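User: I am new to this structure. Could you walk me through how to read it?

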Amino acid sequence: MTSLPSHPSDRKLGLVIDLDICVGCHACAVNCKEWNAGGHMAPLTDYEAWGDSPSGVWFNRVHSFEAGEGANGRTVHFPKSCLHCEQPACVTVCPTGASFKRAEDGIVLVNEDLCIGCKLCSWACPYGAREFDEDVGVMKKCTLCIDRIYNENLEEVERVPACVSTCPVGARHFGDLGDPKSEVSKLVAERAGYDLMPELGYKPTNKYLPPRTGRAQAGCTGAPAKPLTEHPVDSTGNKLLRWLDRALSR
Amino acid sequence: MSDRRYIAEPQAAPKVRADEQAIDLSPIVHDQVATTTCYMCACRCGIKVHLQDGRIRYIEGNRDHPVNKGVLCAKGSAGIMTQYSPARLRKPMKRVGERGKGEFQEIEWDEALQLATEWLGKIRATDPRKLAFFTGRDQSQALTGWWAAQFGTPNYAAHGGFCSVNMAAAGLYTIGGSFWEFGEPDWERTRYFLMFGVAEDHGSNPIKIGLGQLKNRPADNRAKFVSINPVRTGYSAIADEWIGITPGTDGLFVLALVHELLKADRIDLDFLVRYTNAPWLVVDAPGTAGHGLFARDDAGNPLCVEASGTIRNALEAGVTPRLIGDITLPDGRTARPVFELMAARYLDESYAPERVAEQCGIPAATIRRIAAELAEAAFEHAIEIPVAWTDWAGRRHDTIIGRPVSMHAMRGVSAHSNGFQTCRAIHLLQMLLGSIDCPGGFRYKPPFPKSAPPPAKPAAQVGPMHALHGLPLGFPTAPEDLLIDPNGAPHRIDKAFSWEAPMAVHGLMHMVIHNAWAGDPYPIDTLFFYMANMAWNSAMNAPDAMRMMSDKDESDRYKIPHIIYADAYFSEMVAFADLVFPDTTYLERWDCISLLDRPISDPDAAADAIRRPVIQPDRDVRPFQDVLLDLGARLKLPGMIDGHGKALYPGGLKDYIVWHERRPGIGMLSGWRGHDEDKQGTGEPNRRQLDRYVENGCFWRGEIPEKARFHRFANRDFFEWAIPRGFLDKPQQIVLQLYSEPLRKFQLAAEGHGTRQPPDHLRARVKQGFDPLPSWYPPFGAAADSEGYVLHAITQRPMHMYHSWGGQNAWLRQIQARNPLFIARKLGERLGLSDGDWVWIESPHGQVKAEIKQMEGVNQDTVWTWNAIGKRAGAWNLSATAPESAKGFLLNHVISELLPPQPDGHRYANIDPVTGQAAWYDLKVRLRKCAPEEAGETAPTFDVLETGLPKPGDDLAYGAEFRAHRLETGRGRA
């Protein structure tokens, strides 16, 4: 079994994902795929790529489902990748030390040289975030783009995970969730960001921002708009007369 | 932590020290990075392509690019897999087997070009219209349309007739612009956004960026997003309110909103008087040829009447027109203002929310509430920005007033037989709210607005060896502009600009195969397609399209004698070609996203862009545009050869982009023109122009001065900016056309006036369709109710796919490789259908088999599926038993290009009667559960297509080489 860092730093790098604006376009998933296909854990093998059951290794997947009934329900697009838990069972369960959590930033990684492909970690992860590469025989997973976020060969603004940099709606945020003053922490506080399945106690670092509700019946201010009232009609009953004396010049 | 679920108790096990693996945090990313423009869909985002040893390491959005501002969608991010697709064609091919079988012989380019030159040369020398050249999802229409004109055939169009011509035409005839490429919501300022239907790949990244912004506004500047769409997926999923409207009733819903706003007098009267034709006088002389036309003075100016009874030129500045009341014209006829006609029409109780609620599937209270919310946003949250500007009459204004309500619509509204009028209704609503080209409203993108409609007319064939006197597509404004002969027969093979589709401003690609096969209105010789999968998802009625292309006459000759096709991939269409020109991929060629074509501008700037080769082809392929120019030179087409008969553009499109001038000083690109490279829009060709584009990230963006950014239909500052750039001809107000006189002129002809009148069988359709005021009528497909075809059936584009291209992509097909038929859960309960059941989807035209999936967020009377997932077995070099062909299906199979026969046997085309837009969203169906032995696979299926291309391996480890390279060079992990 593998232990967690005995002296973790306060830094907890992770993602904040805004479910209020995610349209389920899969941009994050595919951009992640292309970056990481040639990245730190390359390749992300695909099986039967042009065959009958196409599948493969993806570090980030978007799940779509509906909640509630009929028009009152909601369609939810739910992107999911490794949550870089504070208490990652996938690490502690690892018999070889391949799975590890970095002390300096909390990123959970797999050292492929030590991985024996036993898949205990994928059994231990309740979020289904681990991806076994059958071809190579090792477990792979989201690295939080560790080969981007500190990469001095990239411009500073590019040093964020690929999924964050590509997201067209801006539903993905990256930062230090260990720092209450960070932008991501403030966002989580403002928008009541939540943990995925907190009852399990893994303390995921990534947070989700819930969909905003209660706006369907309201106008642009968030409060109901005043109903329109019919313009008074005079005794002739001619509704057009209201505009008879309106003199406007062009 | 008692609830922690360890597989084993950690303390009990021997500990392995967490190996803080040595990680190279700064690995090399590329040895070269190149900017260019994406072509994974129609959006045309800027991209940065990272290359390592000539292979693509990574593609990302270009942060500086005006379209996508650095983001990139799933399609764009999957470009690597399309670049390396095993479906890529390798060499020119000549058909050796029967059409449709896919049996080809690879030939050399010289032979291919000689063959095409021979076929086309004969046509040009005899009857140029016998070449029908249609170019699908072409992003080089400024070239291809011009090429057709130089060849001399009027038979040219791209795929707009299939896609969204209703939207484009209605907008251009009404407000001199439209949505998407013509304009967009003022995302930063709008307070209320109505989205009608949507094709989620059109303007997709800009819309996503905009929606994200809009939804995250601070509490004191909130905006509401309302989605009107039968299906709650994609953008609708994040709408503040989703309205699951019944397909084809959007126009009725909009006119009910108009009714409510008029009833409460919550309209922007000032805007209507200043900027629309609301005050213009319409002649009321029933039964005469002038009835319903504008009253005009001798100079042709429209007239209005002031309160005093004085009749004035309605275009004059300072007139104070009356909006209500009859007036007797000097010639004794009666006339009344457009406004009165409009108000009387929509105040009618037939537009009351209660009356339309059931048809639209929207409660009356909801319609009333939306109307109130629109009025609230427009009038109680009006915006005034302190930017001084000068109006068309030279009057200075200190501020600009904005009505922060915006709208967007695309194919969901467009692809109905009442789509043109529905789109007009949306523009009417915008005009009433005063929310056109103002802060917070809809905003034009340059070169729009243009006059409503733009001045160009469609050009007719001149004769053998002659170019057209204009471009094949244009904007008719009266029956005289139609391309018909004296007995009414259409000039064009697709019958565009005939009485069947008078304002077919994008042509009717969907009718070409049928008409060419039927020899109606005349037989043709060569069908030349580019990037259009006409044997599959780009055809309504794909099985018949295939049959027609393979059909032979009594003497065993194909009814369509020659078919030439150009594409980069082995699509379903390739199999039907006699001659195949293999194209390059988008990363292997020069291209030009021109303002003469489909602009990529934004509301604050004009913009255009290029593509450039970032990798070299490893196959014997050529860019289609180069091939076209080469063919043009071989055919000695005007504009493509010099005085000595030599090719003018020996370097292909790259030369053409730089040196071709459409008019003096106006060429394909607007940026860095002139000897000093400092001219925008117009200026002498600059031989270094492409270098400047490349240095600038492969795009150019020229900002509009702040004072010229709003009310551009009436903004002199804008005219002064636009005219020298060639976007406008004259500094004249563009009056928005609430009442459309061109429509009325066609309607008059249908009522029996004039020398050019529709044939009797089309009179009623023309009369109904060409209402000069926005109108609604039930989609023609609705006629099928009586036989139990009561369910509306529509398709949606998955955001991660672009037509059939997406399905060949090894990554994108992992997201989706098959498509079920989605139905409302309650409908499923009623019909006894549950998830995983298979059904026959039956229409009057045919049947197709699909798997059922129930959902909540769909209109109760609507079934739908994802389009273009289904494939013909073997096509695109996928496995012959791939899910795309075994389980995926096309709804196209049950949509006919013709409506069911009338009692007299006549079959109308399945189109909008104004524009000829393919009405494929009109489809109505019934469902029949499959017998158990029928379940599990789709039908109809077709012979397996043998592409003859090398079969790809099973597994794919793309990217391993980059890691290996880092290790070799010591830039990988220790």
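Analyst: We will go from the whole chain to one strand, then to the contacts between parts. Keep in mind that this is a predicted model.

User: Let's begin with chain B. How many helices and strands does chain B have?

Analyst: Chain B has 27 helices and 36 strands. Its C-alpha atoms fill a box of roughly 95 × 85 × 70 Å along the principal axes.

User: How compact is chain B for its length?

Analyst: Compare the radius of gyration with a rule for globules. For 974 residues the globule rule gives 30 Å, and chain B comes out close to that, at 28 Å, so it is as compact as a globular protein of that length. Now look at contacts in chain B with a separation of 6 or more. Residues 24 or more positions apart account for 69% of them.

User: Which strands are joined to β9(B)?

Analyst: Take β10 of chain B, residues 224-228. Five bridges join it to β9(B), and the two run parallel. In this pairing, M195(B) stands opposite S227(B). Then take β21 of chain B, residues 405-409. Five bridges join β21(B) to β9(B), again in parallel. There, Y192(B) stands opposite V405(B).

User: What domains is chain B divided into?

Analyst: Domain 1 covers 97-167 + 455-582, and domain 2 covers 783-934. Their centres, taken over C-alpha atoms, are 27 Å apart. In the contact, 28 residues of domain 1 meet 26 residues of domain 2. On the domain 1 side, α16(B) gives the most, with three residues. By class, that side has 17 nonpolar, eight polar and three charged residues.

User: And between the chains, how many residues does each give to the contact?

Analyst: Chain A gives 97 residues and chain B gives 116. On the chain A side, helix α1 (residues 27-37) gives the most, with eight residues. The chain A side divides into 45 nonpolar, 31 polar and 21 charged residues.

Technical notes: Residues are numbered from 1 along each chain as its sequence is written. Chains are lettered from A and ligands numbered from 1 in the order in which they are written. This is a predicted model: local features need pLDDT of at least 70, side-chain atom pairs count only at pLDDT 80 or more; totals for chains, interfaces and linings use all residues. Two residues are in contact if their C-beta atoms, placed from the backbone, lie within 7 Å. Helices (H or I, at least four residues) and strands (E, at least two) are DSSP runs, numbered from the N terminus. Ala, Val, Leu, Ile, Met, Phe, Trp, Tyr, Cys and Pro count as nonpolar, Asp, Glu, Lys and Arg as charged, and the others, Gly among them, as polar. The radius of gyration is taken over C-alpha atoms; the globule rule is 2.2 Å times the number of residues to the power 0.38. Two strands pair if DSSP finds at least two bridges between them. Domain bounds come from an automatic or database domain assignment.
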